[in-house]
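Here is a brief report on one protein model. Please view the sequence and the structure first.

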Amino acid sequence: MKITIHRGTHQIGGCVTEYEHEGWHLFVDYGEELPGGPKSGDLFVEELTHGDLSKSALLITHNHGDHIGRITMLPKDLPIYMGKVGRAIQMQLSRHLKNVDSKHEEMLERLSLSNPFLNVFEAGKPFSFGPFIIMPVTLDHSAFEAFAFKIEVEGHSTFHTGDFRTHGFRSKKFPELISKFVGTVDCVVCEATNVLRHDAAVLSERDLQCQFEDAFKANPYNIVYVASTNIDRLFSLYHAAVKAQRLFLMDRYQKHMMDLVVESGSIWGKSELYNFKVESKPMVLEYENKEFRVNDKFKRKLAQKGYVLLARPNSLFDNLVERIPGEKKKYLSMWEGYVTEDSEAYNEKLAQSLGENYIFMHTSGHCDMNSMHELFNMLQPKTIIPIHTDAPNEFENIFGNKWRVVILNDGESIEC
Ligand SMILES: [Zn+2]
Ligand SMILES: [Zn+2]
């Protein structure tokens with residue numbers, strides 16, 4: 001099996017990996033490059049972006065823009081494989097964004113179940129494409145359904161990690177999943193986002209939730225800026241608000257995102273985390289004259305009980321925040337680079353909505369290096385190829401004395 005990293009050897013966004021065997025081409029992910037990083041621009045890849053596609057397919061690990069964002073640029077007859085719940089979440093996101101960005105109209109068409117080139121898979125249910133046998137394994141990440149793949153061909157196997165972490169709500173079963181569905185492998189193509197933060201003690205999602213609960217108990221009136229696709233965080237905030245006995249406010253779009261998981265029929269949908277308490281359901285904001293409705297009764301209720309409002313940086317929410325009662329505490333629960341002025345990912349609107357005196361409460365969606373050690377001990381690979389990283393040499397410094405780490409440049413291949 002030949003592995004080619006078309007992009008992502010020296011940057012965090014836009015990873016594209018190819019597995020090739022006897023003329024069959026299995027690609028993994030085709031997303032956007034991240035703002036702020038180095039750019040390689042449009043890719044020109046034989047058997048993917050053009051040429052003969054009769055023995056090609058694309059697997060998508062998860063619905064973050066840096067993994068799925070550019071699939072609309074690919075030929076329409078390229079078979080695409082995506083997980084069931086992640087597809088539903090992306091459809092919801094694209095329906096929400098289609099009026100702002102026309103790319104999402106195309107995304108809806110590509111991911112429609114009536115598209116004959118779309119194939120949906122489920123965790124733990126292997127499928128084949130040409131000579132490849134693919135085992136999808138869901139790992140915890142800041143996107144709800146993030147897959148790693150064990151890719152096997154004629155007795156050789158590679159584990160493609162996708163984005164993952166071991167400090168999330170759904171990480172407890174991580175070692176069990178690896179031993180049950182993956183075992184040992186010849187090669188690992190590994191995300192290495194947090195390689196420069198290898199000393200950082202990782203705050204678990206559970207500990208972050210406790211911090212939110214304490215904050216909501218101490219402050220009655222809370223506004224949290226959080227990504228609507230970070231569904232674990234949405235549920236975490238909801239339960240923290242319930243425990244602090246505050247009202248939980250959100251708009252229809254965010255509620256739909258949460259409902260997708262509740263109603264997904266996946267094993268996670270049955271857990272307490274992904275369910276609403278009958279006695280304290282979230283309050284979904286109503287509209288009136290193109291703004292959120294705020295009447296006296298609503299204001300009284302908010303003033304009396306206190307609240308946690310999930311907000312987004314736009315004039316609709318800015319206007320709501322001004323009209324609801326209380327001395328508000330604002331929180332940023334996403335990467336701080338979005339509001340750091342010299343960062344190229346700087347989001348002026350977010351910084352403006354958030355103001356000066358906000359509290360930063362967040363934890364990474366990516367794996368820390370100690371847990372990475374544990375993963376490699378389980379997988380016992382002969383070769384490790386880091387991708388999704390801006391510091392591959394640092395990755396080699398950490399792991400190179402125990403494992404064979406191969407650093408490629410974009411477009412280079414290795415026989416595995
Ligand atoms: Zn991701
Ligand atoms: Zn990513």
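E22 sits in the loop that links strand 2 (16-21) and strand 3 (24-28). Helices (H or I, at least four residues) and strands (E, at least two) are DSSP runs, numbered from the N terminus. The model is predicted: local features need pLDDT of at least 70, side-chain atom pairs count only at pLDDT 80 or more, and totals for chains, interfaces and linings use all residues. Residues are numbered from 1 along each chain as its sequence is written, while chains are lettered from A and ligands numbered from 1 in the order in which they are written.

Most residues other than glycine have a negative phi, and most peptide bonds are trans. E22 has a positive phi, near 45 degrees. E22 is exposed, with 10 other C-beta atoms within 10 Å. The burial classes count other C-beta atoms within 10 Å of a residue's own: 20 or more is buried, 12 or fewer is exposed, and in between is partly exposed, with C-beta atoms placed from the backbone.

N289 also has a positive phi, near 50 degrees. N289 lies in the loop between strand 15 (287-288) and strand 16 (291-292). N289 is exposed, with 6 other C-beta atoms within 10 Å.

## Domains

The protein chain splits into domain 1 (2-198 + 365-415) and domain 2 (205-360). These bounds come from an automatic or database domain assignment. The domain centres, taken over C-alpha atoms, are 30 Å apart.

How many residues of domain 1 are in contact with domain 2? There are 15, and they meet 18 residues of domain 2. Contact requires C-beta atoms, placed from the backbone, within 7 Å. On the domain 1 side, eight of the touching residues are nonpolar, six polar and one charged. Here Ala, Val, Leu, Ile, Met, Phe, Trp, Tyr, Cys and Pro count as nonpolar, Asp, Glu, Lys and Arg as charged, and the others, Gly among them, as polar.

## The largest nonpolar core

A nonpolar core is a set of buried Ala, Val, Leu, Ile, Met, Phe, Trp, Tyr and Cys residues joined through C-beta atoms within 7 Å. The largest one holds 102 residues, and L58, L59, V224, L234, L237, A241 and L310 touch the most other members. Helix 6 (residues 231-243) gives the most to this core, with eight residues. Domain 1 and domain 2 each supply at least three residues to this core.

Leaving out residues up to four places away in sequence, L237 touches F212, V224, V226, V308 and L310.

## Helix 6 and its surroundings

The axes of helix 6 and helix 7 (residues 252-262) come within 10 Å and cross at roughly 100 degrees. Helix 6 is therefore roughly perpendicular to helix 7. Axes are lines fitted to C-alpha atoms, for helices over the stretch in contact, and angles run from 0 to 180 degrees between N-to-C directions. Angles under 35 degrees count as roughly parallel, over 145 as roughly antiparallel, 65 to 115 as roughly perpendicular and the rest as oblique. I231, L234 and F235 of helix 6 meet Q254, M257, M258 and V261 of helix 7. That contact has six nonpolar residues, one polar and no charged.

V242 belongs to helix 6. V242 counts as buried, with 20 C-beta neighbours inside 10 Å. Apart from residues up to four places away in sequence, V242 touches F248, K277 and S280.

Definitions and conventions
Two residues are in contact if their C-beta atoms, placed from the backbone, lie within 7 Å.
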